Every structure is written in C-alpha cells, then in structure tokens.
Amino acid sequence: MHIHDCQPTLTDLQVMEFCSRGYLALEGVVDDETNQRTVEYLNRRDDSELLGLLTEEWFAEGVLRNPRAAGAARSLLGAHFVLPHVIANHRGKCPDPEPVAWHCDGYSWHTIELKHLMMFYLPQACTPDMGPTEFVPGSHFLGGTSHLVHHYGNIVGTAKATGAAGTVLLTEPTLWHRRSRTRTSGPVRHLLKYHCWRQSPPVRDWVIEEGFDPAAHPEQLMMGAPLSYRRNVQDCHDAAELFLWLCGRHDEFEPLGGPGWPCPVGPSLRQFGIPPSLQV
Ligand SMILES: [Fe+2]
C-alpha cells in the first residue's frame with residue numbers, strides 16, 4: 001500500500017462544485033512527456049501487463065503524485081490518502097457506433113461519506129468523436145445501480161470527458177457514466193482508471209478562501225442539476241450535506257426548509273440557517 005500526502009489544491013468553491021456535480025475535471029495537468037511515454041507504454045503492451053505502470057517512477061511522479069491531480073485528491077480524501085494498487089485501461093475502438101450501457105461502477109454503495117475516488121487520466125487529447133466517457137452530473141445522489149440504469153438511452157444534460165492530453169478527472173464512485181458513441185476512425189482511445197482511498201477523518205483543510213460565503217454561491221450547489229429530475233432543491237440539499245461532511249461538520253447539517261440555507265435565494269438576499277462553521 002502506497003500512502004501519499006501533499007498540499008491540497010482545491011478551493012472551497014471547487015470542493016462545492018465536486019459535491020454538486022459528482023466530478024471535477026483538471027484539464028491538461030500532466031506534462032507532455034509523461035503523456036507520450038504513457039501512450040507508448042500502452043501501445044506496446046497488453047492490458048494484462050498494466051500493473052507494471054504503477055511501479056514506473058516516471059508514471060508515479062507524473063500522474064499518481066502529480067501536484068494538481070494528487071492535490072485535488074488530497075483535498076477531497078484528506079491527509080495520507082492511499083494511492084492505487086490496480087489500474088485499468090479502457091481502450092475505445094474507433095469507430096464504434098454503440099455506446100457502452102449506462103452504469104455505476106462496482107464496489108460502490110450510496111452514502112454521503114466520500115471514502116474513495118474513481119479517477120480517470122487521459123494521456124491523449126480526447127474529442128467528442130473519440131467516445132469520451134459521459135457522465136450524468138448530480139447522479140451520485142440518485143441512488144441508481146447498474147441494473148436500474150443500463151436501459152436508458154440518451155439523457156439530457158450529460159457532460160463528456162473531453163479535454164487536452166494530460167487531463168485528470170476525479171469522480172464520485174456512484175456517478176452514472178458510460179463510454180459514448182465513437183464516430184472517428186482514428187487511433188484507439190486510451191483511458192486509464194484508478195482509485196484512491198481516504199485514511200483520515202474529513203476536515204476542511206483544503207484551500208480555504210478568505211471570507212468564503214457559502215450563501216453567496218447557490219449556483220455552485222445547484223450546478224449539478226441544471227435539469228434536475230428530483231423534487232425542489234433536493235440536489236442542493238444533498239450537495240450541501242456532502243460539503244459539510246467533507247468539512248468534518250456533518251453535525252451542523254440541519255436544513256430548515258423553505259428559502260433557508262442551502263436553498264438558493266436571490267443574490268442580494270441574506271440566507272437564514274447557514275451552519276455556524278460556514279458563517280462569515
Ligand atoms: Fe465504468
């Protein structure tokens with residue numbers, strides 16, 4: 001087991017964004033040389049040989065302990081988190097007119113406690129035609145399991161994991177996702193997936209923004225559900241609860257209903273019921 005610690009890099013707003021959407025994309029954070037070495041490694045070897053990649057120092061330093069990617073994981077999982085012991089490559093053949101079925105990854109269960117992260121690394125640039133992973137933002141609160149979501153077709157409001165080479169995505173493990181349709185006939189798409197685990201209790205020790213006012217950013221709590229399928233502001237409440245859990249202040253989560261916190265109100269209105277540890 002490899003344990004890692006580093007400077008947390010996410011801000012309050014970014015943590016709130018992760019809570020709401022269930023994922024966070026860090027565009028192009030891995031350097032070009034590491035991206036190229038990774039693609040060469042994957043092109044030369046069978047996927048059964050992938051574990052060797054975890055023991056390559058250039059890969060561990062450039063990807064697993066990458067200051068931005070690991071700093072984000074450190075922000076969400078706390079100090080001394082556990083680095084992956086397995087890694088998988090999701091090769092996407094091109095073209096492939098059939099998307100993979102919607103699913104939630106195995107080993108996940110629905111809880112407000114964030115014990116591990118599912119992370120994706122794109123060693124190549126990924127365009128919409130290359131079958132990028134597609135997410136349903138906010139679906140980590142829906143309580144779906146794979147056999148309940150397999151049959152869905154296109155869903156309104158999804159997001160695709162496109163981006164420059166070196167992009168790393170951090171996702172809540174129960175987020176609904178699939179490989180989307182591949183339209184290009186170009187080279188195979190590589191997508192590396194690995195998990196990191198929490199070892200310490202949650203605490204708000206990421207980059208705390210001076211004067212951060214959670215009531216001033218209702219859009220961050222609601223952004224996960226631009227086309228919500230649920231009752232009024234339920235997504236907002238769930239995102240707020242996860243945020244408070246990550247702060248180590250779950251005991252303060254006592255939504256009052258109505259327009260009280262965390263319900264979004266007009267920007268000029270002062271909210272009632274903001275948890276004590278978040279008041280400015
Ligand atoms: Fe998956």
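A nonpolar core is a set of buried Ala, Val, Leu, Ile, Met, Phe, Trp, Tyr and Cys residues joined through C-beta atoms within 7 Å. Keep that idea in mind as we walk through this structure, which is a predicted model.

Let's start with the overall layout. The protein is divided into domain 1, residues 3-197, and domain 2, residues 214-278. Taken over C-alpha atoms, the centres of domain 1 and domain 2 are 27 Å apart.

Now look inside. The largest nonpolar core has 58 residues, and those touching the most other members are Ala73, Met119, Leu170 and Phe243. Several elements give two or more residues to this core, including H1, helix H5 (67-77), strand S5 (116-122), strand S8 (167-171) and helix H8 (234-246). The most comes from H8, which gives seven residues.

Let's zoom in on Leu170. Which residues is Leu170 in contact with, leaving aside its neighbours within four places in sequence? They are Phe18, Tyr23, Leu24, Ala72, Ala73, Leu76, Leu117 and Met119.

One of those partners, Phe18, takes us to helix H1, which spans residues 12-21. This helix is mostly covered, with eight of its 10 residues buried. Phe18 is one of the buried residues, and so are Val15, Met16 and Cys19. The buried list also includes Asp12, Glu17 and Arg21.

Terms used: Residues are numbered from 1 along each chain as its sequence is written. This is a predicted model: local features need pLDDT of at least 70, side-chain atom pairs count only at pLDDT 80 or more; totals for chains, interfaces and linings use all residues. A residue is buried if 20 or more other C-beta atoms lie within 10 Å of its own, exposed if 12 or fewer, and partly exposed in between; C-beta atoms are placed from the backbone. Helices (H or I, at least four residues) and strands (E, at least two) are DSSP runs, numbered from the N terminus. Domain bounds come from an automatic or database domain assignment. Two residues are in contact if their C-beta atoms, placed from the backbone, lie within 7 Å.
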